[in-house]
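Please keep the sequence and the structure in view while reading.

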Amino acid sequence: MRMYDIIAKKKHGCVLSDEEIKFFIDGYTSGSIPDYQASALCMAICFKGMTDEEAAQLTFHMMHSGDTVDLSALPNTADKHSTGGVGDKTSLIIAPTAAVLGLSVAKMSGRGLGHTGGTIDKLESIPGFRTTLTSEEFMSQVKNIGVAIIAQSGNLAPADKKLYSLRDVTATVDSLPLIASSIMSKKLASGAETIVLDVKYGSGAFMKTPEDATHLAEVMVNIGKANGRKMCALITDMDKPLGKNIGNSLEIIEAVEVLRGESKGELYDVCVALISNMLSISTGISYAEAEEKTKDAIDSGRSYKKFLEWISAQGGDVSYITENKLPVGKFNDVVAADCSGYIAHLDAECIGSAACALGAGRVTKDDSPDLSAGIIIEKNVGDYVQKGETLATLYTSDSTKLESAKKAILSCIKYSDKQPESNPIIYKTVY
């Protein structure tokens, strides 16, 4: 078998066999297939696409290019993955709630890059919280309390890591089968039986339209099912930030408000829908029953109690949560409306970039974010504001970053004389 022939076959739009895909992944991971041939195949896939079966086979071999996590000793294992966004702190609410409902959440999460925040950065804003556990500690904690979230580690899907770096510099990132196999290879290697996806669309997401997000979701759901997992995906709006707080400790604060029953809105609604689907497809109960159980877990305070138990189990000082003393930036300022009118658009990517400029994110993977920096959105799409009224409050540890961030946020906002129609936060669900 020759890599040349595999490239030529895909160039002509033919379907690759499982053996050919395995040959490519094994050879590229080991180094016997050079970058120039791998990039040629990726470009051919960009132009000619892949069938669902090819995408599932590609994902399977990427998943098995390194270590896989065996969660078979745990009951009803479930995981959730978001395609990224601004203010997306759903994992902080979903994980403890799913554990309350009898699911096992043994989750590996990533760090943020650019305008997209990472769950691990948020958790590290809680003093003492350990994002690294041994395999034994990880499994023991999930067995005992139902939930653990740690930083991605080990040798999970090394083919994906190598391929993504290549795609990033060869203009081959925007291919649905390559995007889907990249995401799903890591999720499948993490071992959960049930996987619920939150596929974002809009200005703050990789997929800009609900139709494109739906297509990606369908490919990923089919990949998961072909590899024996219980799957569903929600298509959700990321044209504006999710919730009101953007930034690491600020997002912990908002998640806690939801868990305490102090805040309801779109963040609560998305979390309820994701958890309800997770519970329904994992256990076989109806969605209506799962939704009732989910709302009761949050509204009764049981999810908040489990959250504190989880944070404490991983070394976090829960007094920072119970006594409301999580760090916020020592320097703050407000962004005032420069005209009156209804807020017609609040560009999520632009807001996320402004938070990053305040120090809340990282431009390169080696940057250290300011965990206390961020933005609280005081007015959102559909709200009427008077000129001079506060739109947002900014926090940072570096006062020199405030003025440019204020200008950036003002450029994110569009006004209208008429109240705009709002998009539903959940566009559709893909099973």
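Which residue in β5 is the bridge partner of L197? The partner is A233. The coordinates are those of a predicted model, in which local features need pLDDT of at least 70 and side-chain atom pairs count only at pLDDT 80 or more, while totals for chains, interfaces and linings use all residues. Residues are numbered from 1 along each chain as its sequence is written, and side-chain values use heavy atoms, with hydrogens and water left out.

The protein chain contains 17 helices and 13 strands; helices (H or I, at least four residues) and strands (E, at least two) are DSSP runs, numbered from the N terminus. The radius of gyration, taken over C-alpha atoms, is 22 Å for the protein chain, close to the 22 Å that the globule rule gives for 431 residues, so the chain is as compact as a globular protein of that length. That rule is 2.2 Å times the number of residues to the power 0.38. Along its principal axes the C-alpha trace spans about 70 × 45 × 40 Å. Of the 431 residues, 55% are buried, where buried means under 20% relative accessible area, exposed over 50%, and partly exposed in between (1.4 Å probe, protein chains only). Contact means heavy atoms within 4.5 Å; among contacts between residues at least 6 apart in sequence, 78% join residues at least 24 apart.

The pair L197 and A233 belongs to an open, mixed sheet of four strands in the order β1-β4-β5-β13. Two strands are taken to pair if DSSP finds at least two bridges between them. At the edges lie β1 (78-82) and β13 (426-430), each of which pairs on one side only. From one strand to the next the twist averages 15°; such angles run from 0 to 180 degrees between N-to-C directions, with axes as lines fitted to C-alpha atoms, for helices over the stretch in contact. Strands β4 (residues 194-201) and β5 (residues 230-237) run parallel and are joined by eight bridges.

Another open sheet of four strands is antiparallel, with the order β6-β9-β11-β7. Its edge strands, β6 (245-246) and β7 (331-336), each pair on one side only. Strand β9 (residues 374-377) is linked to β11 (residues 390-396) by four antiparallel bridges, with T393 in β11 as the bridge partner of I376. Two bridges join β9 to β6, also in the antiparallel sense, and here I375 is the bridge partner of I246. In a regular strand the side chains alternate between the two faces of the sheet. In β9, G374 and I376 point one way and I375 and I377 the other, and all are buried. Helix α17 (residues 402-412) lies across β7, β9 and β11, running at about 30° to β7.

Not counting residues up to four places away in sequence, L123 touches L92, F129, I149, I252, W310 and I311.

Q314 is in the loop between α14 (302-313) and α15 (319-322). Its side chain reaches the backbone oxygen of I149 at 3.0 Å, and a polar contact of 2.9 Å joins the side chains of Q314 and W310. A polar contact is a pair of N or O atoms within 3.5 Å; within protein, one must be able to donate a hydrogen and the other to accept it, and residues adjacent in sequence count only if both atoms are side-chain atoms.Beyond four places in sequence, the residues that Q314 touches include G128, F129, R130 and A148.

D160, in helix α8 (residues 158-168), is likewise buried, with a relative accessible area of 5%. The side chain of D160 makes a polar contact with that of K186 at 2.8 Å. Leaving aside neighbours within four places in sequence, D160 is in contact with M62, S182, S185 and K186. The buried residues of α8 are P158, A159, D160, L163, L166 and R167. An α-helix has 3.6 residues a turn, so residues three or four places apart point the same way. The cover over the buried residues of α8 includes α2 (18-30), α3 (35-48), α4 (52-63) and α9 (176-189).
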